[in-house]
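Work through the exercises below with the model open beside you. Try each task before reading its solution.

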Amino acid sequence: MNKQLLVDHTPFHIAKLTLSEAKTTGDGRMRIKGKLQEAEVKNGNGRVYPKEILQQQIEKYAAGPIASNTAMGELDHPESSIVNLNNVSHNIMRVWWDGNNVMGELMLLNTPAGKIAQELISAGIPLGISSRGMGSVRQIGETVEVQDDFELLCWDLVSVPSTPNAYMTLSESKQFQSIKDYGKVNSLLTEIICNNTGVCPLC
């Protein structure tokens, strides 16, 4: 089977560690945690990731990119197998299992994309998390099963997720409800871009 780029989104219920907690680590950056992905469940793209396959890749990811501090992801990822450093928004610090759920803690970077993510989260706008990987799939009835040649590349922050029930929540116990007014999102993004770059796309 031929490998292809597999992109699957998850609603990311954000549990934000308090900034005072983050400062005790010496970096002072915002950290968030939540569900990254789910095994054995059909996602919004109709794909199922067998737990055994996902476990192998999580172990490799933890021993490789996370251990070497290079587990970077982008904001609204491109359809590419390469992580674009110009658009990096976060670094994944650790991953763990909770049943069939892959959980993770992300450190948001003070890059342009990272600052946009921080502002969106601070404004209560829910984000999704999206896995990016290379692999083949096999059709089984109405389900598309990811095969054992799957290779996890990264997780990106996105606006529309595909894994069920994964929008993240704040650790200060605030629950962010889904925002349906997409005009508010666009307005906020425009304001952030104008303030950070001095170039306003709508001016």
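**Exercise 1. Confidence**

Task: Find which helix has the lowest confidence in the chain and which has the highest.

Solution: 
- Start with the source: this is a predicted model.
- Take the chain as a whole. The average pLDDT is 78, and 67% of the residues score at least 70.
- Confidence is lowest in helix α1 (residues 19-24), with a mean of 49. Helix α2 (residues 51-66) is highest, at 97.
- Where pLDDT is low, predicted coordinates should not be read in detail.

**Exercise 2. Aromatic pairs**

Task: Determine how many aromatic pairs there are, and what parts of the chain the Y49 and F150 pair ties together.

Solution: 
- Count them: there are 2 aromatic pairs.
- Take Y49 and F150. Their centres are 5.3 Å apart and their planes make 75 degrees. Planes over 60 degrees apart count as edge-to-face, and this pair is edge-to-face.
- Locate the residues. Y49 sits in the loop between β4 and α2, F150 in the loop between β10 and β11 (151-158), so the pair ties together parts 101 residues apart in sequence.
- Check burial: Y49 and F150 are both buried.
- Take Y61 and W155. This pair is also edge-to-face, at 5.2 Å centre to centre and 80 degrees between the planes.
- Y61 belongs to helix α2 and W155 to strand β11, so the pair links parts 94 residues apart in sequence.

**Exercise 3. The core**

Task: Decide whether Y61 is buried or exposed, and which residues have the most contacts inside the largest nonpolar core.

Solution: 
- Use the cut-off: buried means under 20% relative accessible area.
- Y61 has 3% relative accessibility, so Y61 is buried. W155, at 0%, is buried as well.
- Turn to the core. It has 32 residues, and Y61, I92, F150, W155 and L157 have the most contacts inside it.
- Trace the suppliers. Elements giving at least two residues each include α2, α3 (112-122) and β11.

Key. Residues numbered from 1 in each chain as written. Predicted model: local features only at pLDDT ≥ 70, side-chain atom pairs only at ≥ 80, totals over all residues. Heavy atoms only, no water. pLDDT = per-residue confidence, 0-100. Helix = DSSP H or I, 4+ residues; strand = E, 2+ residues; numbered from the N terminus. Phe/Tyr/Trp six-rings, centres within 6.5 Å; stacked < 30°, edge-to-face > 60°. Buried < 20%, exposed > 50% of the residue type's maximum accessible area, 1.4 Å probe, protein only. Core = buried A, V, L, I, M, F, W, Y, C linked by side-chain atoms within 4.5 Å.
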